[in-house]
Amino acid sequence: MDKNLQEEEFTQIIKFKPSLNKQRHQFVRDLVEKYKPKKVADLGCADCSLLRMLKFCSCIEVLAGLDICASVMKEKMHTLSPLPVDYLQPSERSLTVTLHHGSVAHKDPCMLGFDLVTCIELIEHLEESELKKFPEVVFGFMAPSIVVISTPNSEFNPLLPGVMLYRHPDHKFEWNQAQFQSWALETARCYDYSVEFTGVGRPPAGMEKVGFCTQIGVFVRKSPRTGESVQSEKPTEAVYKTVFKAVYPSLKDEKYLQTAVISEVIFTAQIIKHRLMSKREEYGDDPERKSKFQPSMDCFSDYLGKLVIEKNMEPFVNGNEVYIPLATIFSFPKVNRLCGTFEKLCKLIAGKVTLSSDGSAVMLNTEYENEEN
């Protein structure tokens, strides 16, 4: 049985809202929002539910999960894959998600360089020999800036109907508050971390001494680790097996950026053309009325009119062709933000968008407008 489902059965009478699992995940998310880590690893990731939540945090560029049970990860790992909308609207950040099969008692170089490491309801599943190695692997070898460890508080168990010894049959132990804090303080001392204690799942009124249902330790490394010390401990071989990897489309990748820029340039040019042709139809051949070209139908048209008057970047029609200056298109905020420089705009659309002979304007055919009308 899934550990979270079994836990929910035990906590029905207490009725935690949201559920304990959701509260733990929200606790981690709040930490991410506070510290803005770029690289996050979840040890004991199980069904990947925490990773699925964290992939939406805009500061995170690398997500990794590790679990001893490959089958549990494989069952849900597809939920970490990019969706069609991710390709249609690539994010400005890069994001890579990787899942590894292995034990937290073993060192692997793929787990180096992380800012935040989470161990949510993990340590109580470790055998005694694994628990002894765990601090050295996580705090000594991986040495992230922040480590979050949550584990059941055994003092809360009498309040959970149906709990005879432990909350889950796979638990090897469950610590009370003093035991967890003693272990955490000693671990922090050995590896130069500070630690603060908190939790989720408050006890009923009048029973505050029981403590949180889930106790949490937040470890923060006191001093930065030098690259030399990390390199000296790096194993020569990888011991984890990678079972999943997804690289999300990003505007940092030039091929996705180019597609986005071309789409935005064409969209902007078509809107400008539509406004221009609408005004031509309205004014007819009256030159005096044409000179008053400053559409005011919406904010887009207001902005275009301002460009025409202030910067002399007026689109024009010649025969069956509409010419929209690239400088006008570049002045629109989204195009400007995507490209950064006018030179990059020209480079990205070269050969992909029809331009005038001197390359200064986008050319569109008026016949298409007539067909649309």
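Is valine 104 buried or exposed, and what is its relative accessible area?

1. Valine 104 is buried, with a relative accessible area of 6% (buried means under 20% relative accessible area, exposed over 50% and partly exposed in between, using a 1.4 Å probe and protein chains only). Please keep in mind that this is a predicted model, where local features need pLDDT of at least 70, side-chain atom pairs count only at pLDDT 80 or more, and totals for chains, interfaces and linings use all residues. Residues are numbered from 1 along each chain as its sequence is written, and side-chain values use heavy atoms, with hydrogens and water left out.

2. You will find valine 104 in the loop between β3 (96–101) and β4 (116–120); helices (H or I, at least four residues) and strands (E, at least two) are DSSP runs, numbered from the N terminus. Apart from neighbours within four places in sequence, valine 104 is in contact (heavy atoms within 4.5 Å) with Leu43, Leu66, Leu122, Leu126, Phe134, Val137 and Tyr240. Valine 137 is 33 residues away along the chain, yet the C-alpha atoms of valine 104 and valine 137 are separated by 7.0 Å.

3. Serine 103 sits in the loop between β3 and β4 too, and is buried, with a relative accessible area of 8%. Its side chain reaches the backbone nitrogen of alanine 105 at 3.0 Å. Neighbours within four places aside, serine 103 is in contact with Leu66, Ile68, Glu130 and Tyr240.

4. Now look at helix α14 (residues 342–349), where Leu345, Leu348 and Ile349 are buried. Seen down the axis of α14, these buried residues fall within an arc of 85°, so they line one face of the helix (the arc is that of the directions from the helix axis to the C-beta atoms). An α-helix has 3.6 residues a turn, so residues three or four places apart point the same way. On the other side of α14, Glu343 and Lys347 are exposed. Just after α14, glycine 351 takes a positive phi of about 75°.

5. Finally, a pocket: on a 1 Å grid over the protein atoms alone, this is an open set of points where a 1.4 Å probe fits, with protein on both sides within 12 Å along at least five of seven lines, and lining residues have an atom within 4 Å of a point. The second largest pocket holds about 260 Å³ of space. Of its 14 lining residues, the closest to the centre are Leu88, Gln89, Pro90, Ala260 and Lys334. The largest share of the lining, 5 residues, comes from α9.

Technical notes. Points joined across faces, edges and corners; volume = space filled by probe spheres on them. Polar contact = N/O pair within 3.5 Å; in protein donor to acceptor, adjacent residues only side chain to side chain.
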